[in-house]
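This briefing covers a ligand site, the nonpolar cores and a pocket. Please have the sequence and the model open while reading.

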Amino acid sequence: MTILNETATRTDRWTPVCSYTDLLPERGAAVLVGTMQVAVFRTFDGALYALGNFDPFSGAYVLSRGIVGTRGGEPTVASPMHKQVFSLVTGVCVDDPGVAVPTYPIRVTDGTVEVSVA
Amino acid sequence: MRLVVAGHGPTAHRLIETLVERGFDGTITVFGEEPRPAYDRVALTSYLSGKSVDDLTYRVPDGVSLRTGVKVVSVDRAARTVTTDAGYTEPYDVLVLATGSAPFVPPVPGKDLPGCFVYRTIDDLDAIREASRDARAGVVIGGGLLGLEAADALRGLGLETHVVEMSGWLMPRQVDEGGGSVLRNHIEALGLTVHTGAGVRSIEAGPDGRVAALVRPDGEAVDAQVVVFSAGVRPRDELARGCGLEVGERGGIVVDEGMRTSDEHIYAVGECALAAGMVYGLVAPCFAQAEVAADRILRGSAAFTGADMSTKLKLLGVEVAQFGAMSGALDVTYMDPVAGVYKRLFVSDDATTLLGGICVGDAGPYNTLRPFVGRPLPGAPSDLLFAGAGTTSTDLPDDAQVCSCNNVTKGKICAAIADKGLTDVQGIKDCTRAGTTCGSCVPMLKQILVKSGVDVGKALCEHFAHSRAELFDIVSVRGITTFSQLIAEHGTGRGCDICKPVVASILASLGRGHILDGEQATLQDTNDHFLANIQKNGTYSVVPRIPGGEITPDKLIVIGEVARDFGLYTKITGGQRIDLLGARVEQLPAIWRRLVDAGFESGHAYGKALRTVKSCVGSTWCRYGVQDSVGLAIALELRYRGLRSPHKLKSGISGCARECAEARSKDFGVIATEQGWNLYVGGNGGFTPRHADLLAADLSTDDLVRTIDRFLMFYIRTADRLQRTAAWLEGLDGGLGYLREVIMEDSLGICADLDAQMERHVATYVDEWRAAIEDPDKLRRFVSFVNAPGIPDPSISFETERDQIKPVLIPLEAVRS
Ligand SMILES: Cc1cc2nc3c(=O)[nH]c(=O)nc-3n(C[C@H](O)[C@H](O)[C@H](O)COP(=O)(O)OP(=O)(O)OC[C@H]3O[C@@H](n4cnc5c(N)ncnc54)[C@H](O)[C@@H]3O)c2cc1C
Ligand code: SF4
Ligand code: FES
């Protein structure tokens, strides 16, 4: 089994961004990865999600500051600007499924949150 | 009667609670082996994601004597005593065994190495968390419901996670092979590695003597520093065996339908009991057993004759549900591997009767079809696979079970609605307990309400079936202090951008702490979260309070200096104060520190709260003025500052009938008269302008203030979300006349309450900004990037227009493509 190699190659893509405890439950925070702005969210059940921070409706980098909640059980964030709701899982806008924001892999390693934007 | 309970888990708790509620008059002594009182084991995993022990712990009813950290080691049936591990002996008249079950650990070589765990108690989780700190990878042995939950927990702790399942697919007790394969796709997509049809040959230690790898029967090694066994549970029947009670062939204390063991003085309930031919491993049947035993102890005749083992759960973000039988003569299957959805219904050989179903990825059919198990199909099977098509709760016969957690039939619910005049889901929950456990039947409860002719259109959002006014009453009357508590007890799901700010506002109106304290902070929209108003480019405005529009030159200079030093755009607002625009989040604390030091406080321009009380110069300066409008405006602004409400509140005070302050376009406006003050309410500028109506004339200042107090509090209590006073007043049954009766003649007897609420607001007011800059914890949020606190958001830039800054906007189309 090649688990160790797999771990090693994967690690290269991951960027540590903050400690898990920096994230408030049910709230987002913006992180800078290179020049990219990523909105990371910690939901009630402890799960983490990462979306692009750019709000396609307002043209501002603000999605990390929206209210986190659920729509029909799916974790979501509502843009703080004009309240369009995006799925944290798929990035698709619930109110306008033609629009989506990018999603990124995210995980916790030793209490450190890591995202992969490669 | 001396009642002794061995074990203090969820089942024991439900038994004790039921007995106390029903007026049991003997003594209750409980021995629990764990070092803490019973807690919600179903929610155990949430302990790893931030819930505290306190959050999970049940409240022990008064008068119950609980000994934690004490294990019962033997029962002397002849003497009717139990003995504990400390050697202490306690006599009983009735003994209840509620010892639950223990995880089964298969006899694998290496199973006792440091790094091997089970997943059952808070102590287990503490140990797993500790071991995960230095671990890379973890393996869960067992791919059932609990195993996958444990796997999710390991993933949450940052481990590369593997799941090893003996059978051919995951969750074999709940889903069939097709469902298992769809579930597997979901789980692998999350980065977990699944090994099915795989056993464990051994667990190997590394040089440090701790777990280092798990070896499969085919010899392949899986890297792991943490191993969690989740290969099923075994009833803890050792006490029963030790004293000769009858136990089942495969374990479990044998009980009759009254939950009584082979000794008439001893009952057994919960996961240790073998009831109606089986040991139940879900909490709902355990609770039902506890209630039956309690009833029997109170000399009732309740019986436990088996329970529905339907399950619906959400694991790692995937809905999985199973109800009724898992096989049948005929079946209809729908599978969409791309969307990750699998649904299968089992029907009788003549295709008329529904026998059961399995859902993965979409549990819709569970909610709508579970009550139809054993009954004629309510529609064509293929239609039914698409959640609810063609089915409504009215098609259900009265004896169909709607809430399986609490065994409530449709007939019982309809009767409660009719007899008690229930109008909402909460009422049904209170009267029948339906909907209070897993919540999956709540949509059906709503439908039943609608079909019973109750208008439930007032539901705030999908999470609360209540209107804002009802939530206000619930929070106020029941003394609720957190959103979590409110939604757990009265709502469903985890809330959204609609209900969270509403509840935040209600909590703030009732003076339950700073809006950024603890959990409340997470409910606030961005404006309240940063105590500033968001602008179109993601910057914020700074608006210090200038009560009544009166300001000294020195303070004016401070505002000017702050604006200059931080490069902010300045503008005088319609509310007689000054907007400072263009501040980035990380600048806000420094800006506010300067302002607070100079004696300013938050102007709440960001909140659904009192904004300003505008005034003319009044009798002090104006040659027409008859009263001091500025003095009154300042007094009112200071009285109501920070008052959270369903929408923003504006006010104006004019010193004479010439009405320079435009008081009649405000939510509450005051115009001076020779004799005192005229009070106008329900005015509005904005989209649909409305002149305020005269509520009362020639009031003394004291009467005026009291009337405004009550007007505001009554509005805050009863208005809908985002309903300004104008719309509220127009919608008020009985209109202005009714309002006068309520707040001036106390027709509802609530005036003392309204007054007290306002007094509390006034007495507990603190400046939100001062509180924020004095609290390092609250200040932590004011960064553009958590991983680069010093760096400003590079997307924000300005150009100059008329000697001041103006945002440069990102061209939208270019980015959207
Ligand atoms: C992680 C996890 C998730 C779960 N999720 C769900 C779910 O989603 N849905 C569901 O329906 N069920 C779920 N369950 C199962 C549910 O928790 C059990 O059905 C429930 O806890 C049974 O309650 P009980 O009181 O009968 O037994 P237990 O909870 O096992 O409590 C028994 C208590 O008695 C103590 N005890 C035992 N022997 C003695 C003795 N001799 N003297 C003194 N004390 C003793 C034990 O230490 C224990 O504290 C889950 C269980 C776990 C572990
Ligand atoms: S309202 Fe009347 S008194 Fe007050 S300033 Fe205007 S004109 Fe003068
Ligand atoms: S079915 Fe679970 S609460 Fe009703």
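The shell around ligand 2 consists of Cys616(B), Cys622(B), Tyr624(B), Gly625(B), Gly655(B), Cys656(B), Arg658(B), Glu659(B) and Cys660(B). The model is predicted. The points below start with this site and then turn to the cores and the pocket.

**Ligand 2**

- In soluble globular proteins, nonpolar side chains tend to be buried together.
- The largest nonpolar core holds 58 residues, and Phe668(B) and Leu739(B) touch the most other members.
- Helix H21 of chain B, residues 701-718, contributes nine residues, the largest share of this core.
- Leaving out residues up to four places away in sequence, Leu739(B) is in contact with Val681(B), Leu695(B), Phe711(B), Phe714(B), Trp728(B), Leu729(B), Leu732(B) and Met744(B).

**Second largest pocket**
- The volume of the second largest pocket is about 420 Å³.
- Its lining is made of 25 residues, of which Asp497(B), Pro501(B), Asp525(B), Lys608(B) and Leu722(B) are the closest to the pocket centre.
- Two helices of chain B, H15 (499-509) and H17 (526-529), each supply at least two lining residues.
- H15(B) gives the most to this lining, with five residues.
- By class, the lining has eleven nonpolar, six polar and eight charged residues.

Key. Residues numbered from 1 in each chain as written. Chains lettered and ligands numbered in written order. Predicted model: local features only at pLDDT ≥ 70, side-chain atom pairs only at ≥ 80, totals over all residues. Heavy atoms only, no water. Near = heavy atom within 4 Å. Core = buried A, V, L, I, M, F, W, Y, C linked by side-chain atoms within 4.5 Å. Buried < 20%, exposed > 50% of the residue type's maximum accessible area, 1.4 Å probe, protein only. Helix = DSSP H or I, 4+ residues; strand = E, 2+ residues; numbered from the N terminus. Contact = heavy atoms within 4.5 Å. 1 Å grid on protein atoms, 1.4 Å probe; cavity = no way out; pocket = protein on both sides within 12 Å on 5 of 7 lines; lining within 4 Å. Points joined across faces, edges and corners; volume = space filled by probe spheres on them. Nonpolar A, V, L, I, M, F, W, Y, C, P; charged D, E, K, R; others polar.
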